[in-house]
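How do two chains meet, and what does each side bring to the contact? The report below takes up the pairing first and then turns to one chain by itself.

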Amino acid sequence: MTDDKDVLRDVWFGRIPTCFTLYQDEITEREAEPYYLLLPRVSYLTLVTDKVKKHFQKVMRQEDISEIWFEYEGTPLKWHYPIGLLFDLLASSSALPWNITVHFKSFPEKDLLHCPSKDVIEAHFMSCVKEADALKHKSQVINEMQKKDHKQLWMGLQNDRFDQFWAINRKLMEYPAEENGFRYIPFRIYQTTTERPFIQKLFRPVSTDGQLHTLGDLLKEVCPSAVAPEVPMPEVCSWLPTWLLASSAEGSHLPSLWRDWEEDGPRLSQQGAENRRNQSPGTETRAVPKRRFTEEDRRF
Amino acid sequence: MEENEFFGEKTFQHYCAEFIKHSQKIGDGWEWRASKDCSDGYMCKTHFQVKNGTAVSHQGTSAHVQTFLPVEEALDPPLDDLEVTETTTAAEVIKYEYHVLYSCSYQVPVLYFRASFLDGRPLALKDIWEGVHECYKMRLLQGPWDTITQQEHPILGQPFFVLHPCKTSEFMTPVLKNSQKINRNVNYITSWLSMVGPAVGLNLPLSYATAASQDEGNVGGQGKKRSLCSTFPVAKILEPLLHLAMSPLLAPAFIKSAFISDRLDTDLFV
């Protein structure tokens, strides 16, 4: 897994440049300027938008403010989906920045879960981690951890601390030497074309005759309308947190993370790292969707 | 954790089908809904309840209770025909939807539910909590994962409330083990729903118990009914549940493991 450290870091530090605009019907005391922010792909909207909330509440009266919610082109954004997933699903083929509309009234009860506090986000996140471990290890690893380890996992995500997070997460990504992988692969496939929110089924990483399953095998079995590359599952799973597979309705249906692989092949992680090392500072960034962002983008 | 391949998705669907058969016989309103792609589905029921602080005339009971009291299942007579003996506050009718889905991650059934007023306004979590009886509340509040949270329905994609499933296997295993021991056929869904349902206002008529058991000749279960300590606060609420427990359907042993078990003096039920 050390070979994949670059990919682990790429996944963790992925950012989406976003422009937040207040909904035009919100009542303000003076005009609200848009707010720009680089959103972490692996986090959740309500966890990283305190500054956005503060910015708009400055121009509003307290009585006109209730629970904040976000919308993109008329679709309420589910805060409990990772940001990267929301972007890939809804906006990946549009030009950057991602334009999100901010609302403070008329909460869409039928579409969105409430998010009254950070505790709710933590509970949701831990619930996902726990469910994934139920599939990978029959919950043995997560249940053997102490409360402080669970807390560290959450704090690592909340405070964008890669090392802090992975110190614990690596235990959740291990499997016994005698096995060839997890018990079942924790995955969810999201598509905009289907009514159900996602596809989730039991799927073993190894076939009955000992062959390693590939991502293609998985997709063939649970989502035959998609096309996939021939990449062995254990490699995929050792560093891909379960929810980073997002299938877009546009184009090839490939998980967005893998689109680059179509052109560059499996050696991308080393090549990508080298490219970044060679890139000169101040290089103009192109506003091309699906491109990986570099440190230079942080000046956005 | 013991390997429990026993309760796979096919088994779940089988027990749901049996459960629904009985529901149809007694007009209890449960039905099966397949997902659009028909690969899976869920069991569901909608019913209406009156929520108020005072009593509603129903089979002679007239105690003041905070919890929900069921009204007649089919709301065919218009609402103003509902008989209300005392009304100091306006009665509000709430529509409850209960969905039973299968979790392949935990390999157990999961209860999803939502409630709304007739005008479509949904009930908030705090309103739901008000309807949960005290004894269940205590236990549900203790464990962060044994509680009611709002989640996205995995098939419909809409917000529902859920009783977290991770402890289900723990309290269901003794039920199944015991039923194997005494050679009874147990409908997993019936047993499970009879335990978790009441916490959120969903009650099962006793006839499900007798329907599930295929060996009604055995007296062993019936004879064990004991008188309860009347000072035990939880006893009154559990009494209907205990009828189920003492029936051939469920052995008394289940109560030790039920998620409310730490509120009970288990010696009562040996």
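A salt bridge is a side-chain nitrogen of Lys or Arg within 4 Å of a carboxyl oxygen of Asp or Glu. By that rule, four salt bridges link chain A and chain B in this predicted model, and in one of them the side chains of Lys78(A) and Glu152(B) come to 2.4 Å, N to O. Helix 5 of chain A (residues 118–137) gives the most to the side of chain A that touches chain B, namely six residues, where helices are DSSP runs of H or I with at least four residues and strands are runs of E with at least two, numbered from the N terminus.

Contact means heavy atoms within 4.5 Å, and on this basis chain A and chain B each bring 27 residues. The two chains bury about 2300 Å² between them, 48% of it on carbon and sulfur atoms; buried area is the accessible area (1.4 Å probe) that two parts lose on being put together, summed over both. Leu113(A), Lys130(A) and Arg196(A) supply 26% of the area that chain A buries against chain B, more than any other three residues.

| Element in chain A | Count |
|---|---|
| Helices | twelve helices |
| Strands | five strands |

Of the 300 residues of chain A, 53% count as buried, that is, under 20% relative accessible area (1.4 Å probe, protein chains only).

Residues are numbered from 1 along each chain as its sequence is written, and chains are lettered from A and ligands numbered from 1 in the order in which they are written. In this predicted model local features need pLDDT of at least 70 and side-chain atom pairs count only at pLDDT 80 or more, while totals for chains, interfaces and linings use all residues, and side-chain values use heavy atoms, with hydrogens and water left out.

Definitions and conventions: Buried < 20%, exposed > 50% of the residue type's maximum accessible area, 1.4 Å probe, protein only.
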